[in-house]
Amino acid sequence: MQKTIAIVGAGLGGLTLARVLQAHGVAATIYEGEASAAARAQGGLLDIHEETGQVALRAAGLYDEFLTLVRPGEDAKRVVDRHGTILFDMPADPGSARPEVDRGELRRLLIDSLAPGTIRWGHKLASVRRRPEGGYVLTFAEGSATRADIVIGADGAWSTVRPLLTPAEPLFSGTCFIEIALTSGGQNFRASVAAIGSGTLMAVAPGKGIIAHRYADGRVRGYVALNKPEEWMRSIDFGDPSAGLRRLADEFDGWSPLLTAFVAESDAEPWLRPVYALPVGLTWDRVPGVTLVGDAAHLMSPFAGEGANLAMYDGADLAGELAGQSDIEVALSAYEERLFPRSSDAAGRSAQNLEIFFGREAPQSVVTLFDHS
Ligand SMILES: Cc1cc2nc3c(=O)[nH]c(=O)nc-3n(C[C@H](O)[C@H](O)[C@H](O)COP(=O)(O)OP(=O)(O)OC[C@H]3O[C@@H](n4cnc5c(N)ncnc54)[C@H](O)[C@@H]3O)c2cc1C
């Protein structure tokens, strides 16, 4: 009899895992805490790497559909200093090995590719317990419970499955992101929008930065980044968004008004996103019938652009093992043997890049990084 597989979390990692399993004729159920696919805006762009994310999409049989989502021209990158002086300017590359797609559209593609009923929305895992006779009992916040032979934690940064494998928890990196946007297209701030170029603008200095992406339809979305204690960030009252944004803009005193307009005039819900990371090089001992994919396994700062790519790659890699191997423990061991070194490598680069972006040598260190990549 086929083993029952419970995947916790319908992010890019869990969805890719389920899709590739199904492509191999293996059934799996995803338990997702959110009420529906539309419960949360998924905004933001992801560049999908040839050697990881694209490999996963090929394994999922979705590569051609993925190509229809690519946003040509939006992979341009520009680095400026606090005065807006351009230090690095990379034009869009139509043949880029890392094309940009909208995260929400990519997630939608994966969701729509699954057999009907694969995702149980509104199932937030509250606890998971190993049964003495084998397998696991999963209990959900709304009160129901289910059993599974194999449990895969694809439940992101604050994984409920992870404690079965390791006591490690994410630590605050020292950098906070706050979402910013000019969703109306920034008609009143044309000079600021023009300063972005056609892709992503990175205005960085030691301890702070403004990152803005211009979509082909004219909208602008991005982040303010500040190296501050988490308590300081949480002390800003975003209940009054314009006052909160002004306080953030004050941190950029002396910067070009073309840049600070992205902060002071933002019309986005100012979500605070402290950057957390799991310890670089995290591993765990094999525990029967359970493993992790994506952020649950290797949460890292976004500065190597690898998190989503690796989540999908992990999902495809694990699915290939589970589908091709009747001994589950052999499959999980083989997967983890590859997972640990690749996670460690990417997490190490991410941690390094966070320092490159907002450390003492910024913005020159960022220019050097792009010059050498
Ligand atoms: C600001 C920012 C920018 C980023 N930019 C990039 C980038 O450019 N490129 C890139 O590759 N990566 C980027 N990343 C990283 C990327 O977003 C993540 O690495 C990726 O989303 C991880 O996917 P995942 O499937 O592992 O987890 P998630 O996307 O976090 O999905 C986890 C899912 O599990 C669900 N869940 C959580 N807990 C439970 C529970 N108890 N029960 C049931 N369901 C649960 C959640 O609702 C969610 O749907 C960025 C991250 C941030 C914060």
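Asp314, Asp317, Glu321, Arg338 and Arg342 are linked in a network of salt bridges. By salt bridge I mean a side-chain nitrogen of Lys or Arg within 4 Å of a carboxyl oxygen of Asp or Glu. Searching the whole structure gives 18 of them.

A word on the source. This is a predicted model, where local features need pLDDT of at least 70, side-chain atom pairs count only at pLDDT 80 or more, and totals for chains, interfaces and linings use all residues. Residues are numbered from 1 along each chain as its sequence is written, and side-chain values use heavy atoms, with hydrogens and water left out.

Now some single pairs. Arg349 bridges to Asp345, with the closest N and O atoms 3.2 Å apart. Both sit in helix H11, 4 residues apart, about one turn. Helices here are DSSP runs of H or I, at least four residues; strands are runs of E, at least two; both are numbered from the N terminus. Why does that spacing work? An α-helix has 3.6 residues a turn, so residues three or four places apart point the same way.

Helix H4, residues 103–113, has a pair too: Arg108 and Asp112, 4 residues apart. Their N to O distance is 3.1 Å. Arg108 is partly exposed at 40% relative accessibility; Asp112 is exposed at 53%. The cut-offs: buried is under 20% relative accessible area, exposed is over 50%, partly exposed lies in between, with a 1.4 Å probe and protein chains only.

Next, Glu179 and Arg273, at 2.7 Å, N to O. This pair links distant parts of the chain, strand E12 to strand E16, 94 residues apart. Glu179 is buried at 16%. Arg273 is partly exposed at 40%.

On to the core. A nonpolar core is a set of buried Ala, Val, Leu, Ile, Met, Phe, Trp, Tyr and Cys residues joined through side-chain atoms within 4.5 Å. The largest has 69 residues, and Leu21 is one of those touching the most other members. Beyond four places in sequence, Leu21 contacts Ile5, Ile7, Val26, Ala28, Ala319 and Leu322, contact being heavy atoms within 4.5 Å. A second, separate core has 27 residues, including Phe252.

Last, Asp295. An unreviewed UniProt entry annotates Asp295 as "binding site"; such annotations may be inferred rather than shown by experiment. Asp295 is partly exposed at 29%.
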